[in-house]
Amino acid sequence: MCGIVGILGQHEVAPMLVEALKRLEYRGYDSAGIATVNEGVLGRRRAIGKLVNLSDLLVHEPLAGKSGIGHTRWATHGAPTLVNTHPHRAGAVAVVHNGIIENYRDLRAELAEVGIAYQTETDTETVALLAQHHLESGMSPIEAARATLAKLEGAYALAFLFDGEPDLMIAARKGSPLAIGHGEGEVYVGSDAIALAPMTDRITYLEEGDCAILSRSEVTIIDADGQTVQREARTIRIDAARIDKAGHKHFMSKEIAEQPTVISETLASYIAPDASDIILPGDGIDFASINRITMASCGTAYYACLTAKYWFEQLAGLPVEVDFASEFRYRTPPVTEGTAALFVSQSGETADTLAALRYCAPLAQTILAVTNVPESSIARESDLNMPIHAGVEIGVASTKAFTCQLTVLLLLALKAAHARGRLTDEGFKAKLASLRSLPATFNQAMSIEETVRGVALRISQSRDVLFLGRGRMFPLALEGALKLKEISYIHAEAYASGELKHGPIALVDEQMPVVVIAPRDALFDKTVSNMQEVMARGGKVILITDAAGAKTASDGVWQTIIMPDIDDDLAPILYAIPVQFLAYHAAVAKGTDVDQPRNLAKSVTVE
Ligand code: M6R
């Protein structure tokens, strides 16, 4: 996590650095800082809290200079205090860092032996101290940076700036992404291309172990083997426009409301114009030659994978394993012949998911990715990337990306079912027709917002909330609990309805709201039985169902939320709306920071 940026410019860079950092705030917002070289002299400004605090500071204490580096922090080592805020400086060196230097304790000990003391609790300070130590031993800035990089273990995207060197910046990556942007007599580095979009669309992505020596007129890249290499500069399409809330109070609310539109774009990009087929990018996938799918992802993307497991198994007859990427990567799971490995990630940069992909790359028959950022590491390192077309998602709590991920995964499962002869041509086309009506049904379902807001106001006072779902609704129950936790800070747990009686039912009392997600599908009666068990113990049930479900099962229910009728296969996508609204309005009622909840970041680039 953390976002880094660097500019060797023709103009004052402080405002440009702050603008780029705004675009990186999704990576963390514990503190922010910049350093510049002005008339050869290194200076810096730092502020704790959101970027706006740094902007305010710069109004009162401007920082001149045409070269600079900047950082927005998600704290890993050390509290979000000023002293721990990047850029870190030691003598003539300033450094910004995204990642974790795993051997920083050893390095500190080595530095201590030669009398060098540290001031901060961070791992990053060690990088600055080490580089300064090398400078003092007579090395040039380039030599000092390279000697420092050679000592580092762990993950990093780093940018170095040096006192007395207004036309030099050194950037390096290992395990964390870093892009170089090319301008007219200017050069930039950034954690992603979005940060650099207002300045350039000409981007070179550094590869693992690369070190770039940058001046305004020249970019030299040295690879992990010490060889000077050429890396392709590509023109990429990223909207440089400022991203706004379009009249909504929060990005999350805007992103929930956008779902009918973005889902329709997702569908349009995969379903053939005559609605007869699903067109996959490139050469597509030969589903007949695949006998199993392995998926690994994190957070909401993991729940999207869990939902997809039901689809792939039930529709296409393909066995599926799903695991948290953070567990998968260290479990050394056997990847058998005929395995397609599939990774879902909104950002395409989640460190654990990327590591799981890299584990599978030499073993799996094919590597598939479902991402929202086509230029991301996960997209680039896959054999086939399926973009979800959700548009930029700013709210830390994922909403539209989740439903677009589900849409792409269902399309993929249907394609597999058809290719494997599990769906007839007619059945396949009927499913595509249902899918094409999904955006309209989503629009219709948006009208539940006021009802859900009323329920959310009531549950916002609760200490704990339970979510229950069966079959394909179980992963959505997990997602509902995650959404509520992350933005309202209310403790929430989700269980497969049938599991409740094996322990968690002990939690149920008159104070416990229990959200039951149950469209009237084949498993409805089973779920209703579990709901009765909750009500028998005084639990306050919030039933999310359709009109038929409400008619049969609303008696004794505390609150009923009625959804439009929908094809069973599509229900996990549509029923995301009430759980999103529930979390959103509970958070608004509690007055939490909806778009940037405490302790979180949008893109998790550390493990
Ligand atoms: O970018 P990714 O989809 O890989 O991110 C995975 C999780 O970090 C993410 O889904 C997280 O759980 C969200 N904040 C949930 O709303």
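This is a predicted model: local features need pLDDT of at least 70, side-chain atom pairs count only at pLDDT 80 or more; totals for chains, interfaces and linings use all residues.
## Basis of the values

Local features require pLDDT of at least 70 and side-chain atom pairs count only at pLDDT 80 or more, while totals for chains, interfaces and linings use all residues. Residues are numbered from 1 along each chain as its sequence is written, and side-chain values use heavy atoms, with hydrogens and water left out.

## Ligand site

Around the ligand stand 15 residues, of which Ser345, Gln346, Ser347, Thr350 and Glu486 come nearest; a residue is near if one of its heavy atoms lies within 4 Å. This shell divides into six nonpolar, seven polar and two charged residues, with Asp, Glu, Lys and Arg as charged, Ala, Val, Leu, Ile, Met, Phe, Trp, Tyr, Cys and Pro as nonpolar, and the others, Gly among them, as polar. Helix H9 (299–316) and helix H17 (473–488) each supply at least two shell residues; helices (H or I, at least four residues) and strands (E, at least two) are DSSP runs numbered from the N terminus.

Oxygen atoms of the ligand lie 2.3 Å from a polar side-chain atom of glutamate 486, 2.6 Å from a polar side-chain atom of serine 345 and 2.8 Å from a backbone N or O atom of serine 398. The protein buries 91% of the 410 Å² that the ligand exposes when taken alone (Shrake-Rupley method, 1.4 Å probe).

## Beta sheet

Eight strands form an open sheet with antiparallel pairing, in the order E3-E2-E4-E1-E10-E9-E11-E15; strands pair if DSSP finds at least two bridges between them. Strand E3 (41–48) and strand E15 (234–235) each have a single partner strand, so one side of each is left without a neighbour in the sheet.

Strand E2 (residues 31–38) runs antiparallel to E3 and is joined to E3 by eight bridges. Threonine 36 has glycine 43 in E3 as its bridge partner.

Terms used:
A polar contact is a pair of N or O atoms within 3.5 Å; within protein, one must be able to donate a hydrogen and the other to accept it, and residues adjacent in sequence count only if both atoms are side-chain atoms.
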